Amino acid sequence: MTAHKLKVRIYETRTEMGAEAAKDVAKKIRELLLIKKGSVNMIFAAAPSQVELLFSLSQEKGINWNRVNGFHMDEYAGIDQKTSESFAYFLKENIFDKVSFNQVHYINGNAEDLDAECLRYTNLLKEYPVDIVCMGIGENTHIAFNDPHTADFTDPLLVKVVILDEASRQQQVHDGCFAALPDVPASAITLTVPALLKANSIYCVVPGKNKAMAVYQTLHNEIRETYPSTSLKTHADATLYLDNDSASKL
């Protein structure tokens, strides 16, 4: 199944979905390591929806992780990397500390000057052009923290500070990351839509009933910023992985 250029794969369970997506990601990493002289550069999303993918990817054999650089796509403003609520912490727990990366570059959401931090991370992304993005889609169709009110498909920036909409913040409660809405930070640093779409290959893993409407909107709505994830339909090599729950409205 395809939607414009976006390939769609549906699996019985989220475990199967994550394992199959990991096989595809691992295959691409191995291919790139054969043809590239330097390192492979990867961006990862931090969310419970990514757990199965990250676990299976960490178990894949035959990957020289010492030639892979890791990045993450967003981080809360004002959150220390060492706290369990941070995306840096999540990725350390689920992938960055599981295998031996060449380098891991973290977004510092607790930086004194957030604009300067955006510039620092922008320069890193320019120095290490992205090969692979492993990502999800939010309940409001956001990708990274590009919510409908801030998404810009022609954004001149690669990294920026955004104010999160209530749907994004409520999702963090649904996911069990925070106890209540007031606990969720109101702003974040995010990679922009163009920064994500610069990747040569995108693997988008979206399980669960809470994502069923977002999946429907992604595949059936017009490509426009009101539904940020519809931008994936323009990418030359993007694949969407679903389980039966997230595909239930198709």
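A word on the source first. This is a predicted model, in which local features need pLDDT of at least 70 and side-chain atom pairs count only at pLDDT 80 or more, while totals for chains, interfaces and linings use all residues. Residues are numbered from 1 along each chain as its sequence is written, and side-chain values use heavy atoms, with hydrogens and water left out.

Let us begin with the interior. In soluble globular proteins, nonpolar side chains tend to be buried together. I use "nonpolar core" for a set of buried Ala, Val, Leu, Ile, Met, Phe, Trp, Tyr and Cys residues joined through side-chain atoms within 4.5 Å. Buried means under 20% relative accessible area, exposed over 50%, and partly exposed in between, with a 1.4 Å probe and protein chains only. The largest core has 40 residues, and Val25, Ile29, Met42, Phe44, Leu57, Trp65 and Ile132 have the most contacts inside it. Two or more residues come from each of helix H1 (14–35), strand E3 (40–44), helix H2 (51–59), helix H3 (87–96), strand E7 (132–135) and strand E10 (201–206). Helices (H or I, at least four residues) and strands (E, at least two) are DSSP runs, numbered from the N terminus. H1 gives the largest share of this core, 8 residues. A second, separate core has 39 residues, including Leu124, Cys204, Leu240 and Leu242.

Within the largest core, consider Met42. Leaving out residues up to four places away in sequence, its contacts (heavy atoms within 4.5 Å) include Val25, Ile29, Leu57, Trp65 and Ile132.

I turn to the aromatic rings. A pair of aromatic rings is described by the distance of the centres and the angle of the planes. Rings of Phe, Tyr and Trp (its six-membered ring) pair if their centres lie within 6.5 Å; planes under 30 degrees apart count as stacked, over 60 as edge-to-face and the rest as tilted. The structure holds 12 such pairs. One of them joins Phe44 and Phe101 edge-to-face, at 6.1 Å centre to centre and 85° between the planes. This pair links distant parts of the chain, 57 residues apart, with Phe44 in strand E3 and Phe101 in the loop between H3 and strand E6 (103–105). Phe44 is buried at 0% relative accessible area, and Phe101 is buried at 10%. The rings of Tyr76 and Phe145 have centres 5.8 Å apart and planes at 45°, so this pair is tilted. Tyr76 lies in strand E5 (residues 74–76) and Phe145 in the loop between E7 and strand E8 (159–163), so the pair ties together parts 69 residues apart in sequence. Phe44, Trp65, Phe96, Phe101 and Tyr106 form one aromatic cluster.

Finally, some loop residues. Where does Gln50 lie? Gln50 is in the loop between E3 and H2, and is buried, with a relative accessible area of 1%. In the loop between E7 and E8 we find Thr141 and Ala144. Phi is positive at Thr141, near 75°, and also at Ala144, near 50°. Thr141 is buried at 0% relative accessibility, and Ala144 is buried at 6%.
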